[in-house]
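Work through the exercises below with the sequence and the model open. Try each task before you read its solution.

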Amino acid sequence: MTARSRGAARSRAARPGAEGRAGRGRRPVTVARLVVRTFSEVCVTVGTLIVLFVVYVLFWTGVRADSAMDGEIGALQDRWSTGPLATASPDGAAGQPGGTGKRPRYENGKSFAVMYIPRFGADWSKPVLEGTGTDVLKKGLGHYDRTARLGGTGNFAVAGHRRTYGDPFKDFPELRPGDAVVLTDGTTWYTYRIDRRPYTTVPTDIGVIDPVPRKSGYNGPGRYLTLTTCEPEWGHSHRLIVWAHLDSTQPVERGRPSALTG
Amino acid sequence: MYGWIWRHLPGNAWVRALISLVLVLAIVYVLFQYVFPWAEPLLPFNDVTVDRGMGAVR
């Protein structure tokens, strides 16, 4: 293209007055060439844009999300190590789950817990942030802001990306009854156990995050956990749901729970 | 289009190549920093919650 363009420029410069006359005679050919060339260039440009966008979605969002999630977990651990009792109420420190009332509300967009799911790998750990907005889910898992507190009576519901932004819930369909979902808020370890295989539903089925989730098989109040992600993997027509119940708690001073160490 | 840009860049071929490279990098930066983050939520990968019904209430 270089040589051709320069040649074209030179020939035009050599015949400054000739372009109008000659151009008029050859206009259909010139116009057709211009149209075809511009069309080709537009196609190549659009193709390049699409490739770049795919790179962005598949690769770059993951890079950004991984560093954001590491940053959130690091910030949480800093906060917990500098003042582990600052966010805990007395009953929380004593290892009693669901001590509601006096505890501060979760702040929207802020991380307050770290989740571990051994089924997804021993090194799988993600921060849990308050809220399920698009920006929040770029930095970790999102806690539905109208659902119960971590370890509290009711349903602690969390949403996460299945694909893009670090693929946190990529292996979601592999969850099985008995699998552990372990969370810590800096004072207490909460171990939830999954009760049934992932359940597929439609996006408007908000009953799945009710305090006693509908169709979950639970028939009375309890301390439940719900995880939601998209289904199919790259689509948004359905949602994949997993329910768990609170199995055990222990204060952080007593070390990591057996679900993580064993 | 690209020929037109090339002809309107100043300097000799090397300078033009350098400017072209800088232009391409600038465009990629703008795309990754501003355009793609705007376009990505329009795709379905973000819909992982069941609160669409609640969203209407909110």
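**Exercise 1.** Over residues 12–36 of chain B, what percentage of the chain is helix, and how far apart are the end C-alpha atoms?

*Solution.* Keep in mind that this model is predicted. Step one: assign the stretch. Residues 12–36 of chain B are 96% helix and 0% strand. Step two: take the end C-alpha atoms, which are 34 Å apart. Step three: check the record. An unreviewed UniProt entry annotates residues 12–36 of chain B as "transmembrane region".

**Exercise 2.** Describe the fold and burial of chain B.

*Solution.* Count the elements: chain B has three helices and zero strands. Their order from the N terminus is α-α-α. Then turn to burial, where a residue needs 20 or more other C-beta atoms within 10 Å of its own to be buried. Of the 58 residues in chain B, 9% are buried.

**Exercise 3.** Which parts of chain A touch chain B?

*Solution.* Start with the totals: 34 residues from chain A and 23 residues from chain B form the contact. On the chain A side, α1 (2–14), α3 (27–82), α5 (134–137) and β8 (223–231) each supply at least two residues. The most come from α3(A), with seven residues. Sort this side by class: 16 nonpolar, 13 polar and five charged residues.

How values were computed. Residues numbered from 1 in each chain as written. Chains lettered and ligands numbered in written order. Predicted model: local features only at pLDDT ≥ 70, side-chain atom pairs only at ≥ 80, totals over all residues. Helix = DSSP H or I, 4+ residues; strand = E, 2+ residues; numbered from the N terminus. Buried ≥ 20, exposed ≤ 12 C-beta atoms within 10 Å, placed from the backbone. UniProt positions renumbered as here; feature names shortened; annotations may be inferred. Contact = placed C-beta atoms within 7 Å. Nonpolar A, V, L, I, M, F, W, Y, C, P; charged D, E, K, R; others polar.
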